[in-house]
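Here is a short briefing to read alongside the viewer.

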Amino acid sequence: MTLLNVEAAIPSQTWAVVRLLTYVGKSIALDEARALLSPPPLRDRETTTKPPFDCAISSLQTLGLVQLDDERKELSLAGRATTLPSSDDLDTYTAVLRHAVLEPDRNSNLGANNDAAGPRDLTRGLAWFLTHDPMKRPIDGVAAELLLDERDGKDRSLLKAEVLPLFANPTRWLRFNYWAPALGLAAAPLFRAEGRSPLVPDCTVAVKQTVSELWQAGQRINAVEALQVLREHLPVLPGGSHSLAIGIPSPGESVAGPALSFALLRGHEEKWLRLEHDDDARHILHVHDPDRPASPRTISDITIVEAVHG
């Protein structure tokens with residue numbers, strides 16, 4: 001199952017299933033879960049597509065977050081979904097879902113062929129999307145198609161031809177519009193923007209959650225080392241393994257790139273991290289700062305001010 005096609009669930013549908021199982025705290029009969037989450041109007045209407053409940057179960061199984069005992073017909077949580085502390089913790093579920101989508105084994109051979117099984121098509125879309133600058137005009141469905149066509153035509157080495165087109169029809173872009181923000185890797189425009197479902201490549205939520213998972217409040221990390229670790233945990237960032245796999249060149253071992261730069265600068269402004277500069281530092285990170293576009297901002301260290309999710 002591919003997450004950008006109509007037979008897959010959207011994130012809110014998967015959350016409904018996981019939230020129910022977290023609240024119950026044990027396995028539940030499949031028919032009971034279906035009855036609780038699929039009221040009669042959803043079950044009885046005629047449709048050519050699978051019911052949302054069935055889509056959610058299939059997508060969660062694909063991502064390893066639920067398991068179905070075929071013999072007993074019982075549904076239970078699996079993988080990282082078992083670590084959710086409560087049925088109201090959507091922030092933690094965002095991180096759980098992102099880990100499942102970006103998991104390396106589910107994204108093998110991203111650039112070798114056009115296999116879209118599992119989260120591969122979503123992963124390719126995220127890697128391409130995060131090459132763009134959050135400070136520029138939001139990207140809508142039409143702009144995404146035009147940008148991909150332009151990039152494919154001008155420089156085929158930039159994105160391997162086998163993975164294109166990512167957004168060949170409006171349905172795939174619309175579903176990307178659900179998934180990317182739900183993973184903390186995109187956001188709706190702050191101000192109203194025209195176009196078909198515009199999005200901003202703002203990965204601040206994912207970066208903030210990853211920082212919180214990796215480091216403690218008060219900890220100081222060399223900025224270049226932090227870049228490497230963030231790319232390992234968010235491999236759709238430029239320079240990350242998933243991004244490199246589909247032919248997107250790294251901005252450099254000491255260059256954050258526009259999307260990550262935006263998240264780090266937001267973190268500094270929102271005071272959940274502090275960007276430091278030491279003139280004597282041996283390793284310097286170059287951050288794209290819209291206030292000084294002619295030259296990058298140089299960062300030697302990052303200090304974690306508060307370790308919170310959100």
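What volume does the largest cavity have? It has a volume of about 40 Å³, where a cavity is a set of points on a 1 Å grid over the protein atoms alone at which a 1.4 Å probe fits but cannot get out. A volume is the space filled by probe spheres set on the points, with grid points joined across faces, edges and corners.

This is a predicted model, so local features need pLDDT of at least 70 and side-chain atom pairs count only at pLDDT 80 or more, while totals for chains, interfaces and linings use all residues. Residues are numbered from 1 along each chain as its sequence is written, and side-chain values use heavy atoms, with hydrogens and water left out.

**The chain as a whole**

- The secondary structure comes to 12 helices and eight strands, taken as DSSP runs numbered from the N terminus (helices are H or I with at least four residues, strands E with at least two).
- Of the 310 residues, 48% count as buried; buried means under 20% relative accessible area, exposed over 50%, and partly exposed in between, with a 1.4 Å probe and protein chains only.
- Among contacts (heavy atoms within 4.5 Å) between residues at least 6 apart in sequence, 65% join residues at least 24 apart.

**Cavities**

- The count comes to two cavities of 30 Å³ or more.
- Lining residues have an atom within 4 Å of a point, and for the largest cavity they are Arg98, His99, Leu102, Thr210, Glu213, His233 and Leu234.
- Helix 5 (90-102) and helix 9 (204-214) each supply at least two residues of that lining, and the largest share, three residues, comes from helix 5.
- By class, the lining of the largest cavity has two nonpolar, three polar and two charged residues; Ala, Val, Leu, Ile, Met, Phe, Trp, Tyr, Cys and Pro count as nonpolar, Asp, Glu, Lys and Arg as charged, and the others, Gly among them, as polar.
- The second largest cavity also has a volume of about 40 Å³, and its lining includes Asp133, Pro134, Phe262 and His288.
- Six nonpolar, two polar and one charged residues make up the lining of the second largest cavity.

**The largest pocket**

- A pocket is an open set of points with protein on both sides within 12 Å along at least five of seven lines, and the largest one holds about 300 Å³ of space.
- Its lining has 14 residues, of which Pro134, Pro189, Leu190, Val200 and Phe262 lie nearest the centre.
- That lining divides into 10 nonpolar, no polar and four charged residues.

**Aromatic pairs**

- The structure holds four aromatic pairs, meaning rings of Phe, Tyr and Trp (its six-membered ring) with centres within 6.5 Å; planes under 30 degrees apart count as stacked, over 60 as edge-to-face and the rest as tilted.
- Phe129 and Phe176 are edge-to-face, because their ring centres are 5.5 Å apart and their planes are at 75 degrees.
- Phe129 lies in helix 6 (residues 120-129) and Phe176 in helix 8 (residues 170-182), so this pair ties together parts 47 residues apart in sequence.
- Phe129 counts as buried at 0% relative accessibility, and Phe176 is buried at 0% too.
- Phe129, Trp173 and Phe176 form one aromatic cluster.

**Thr94**

- Thr94 is found in helix 5 and is buried, with a relative accessible area of 11%.
- Leaving out residues up to four places away in sequence, Thr94 touches Ala182, Leu183, Gly184 and Gln209.
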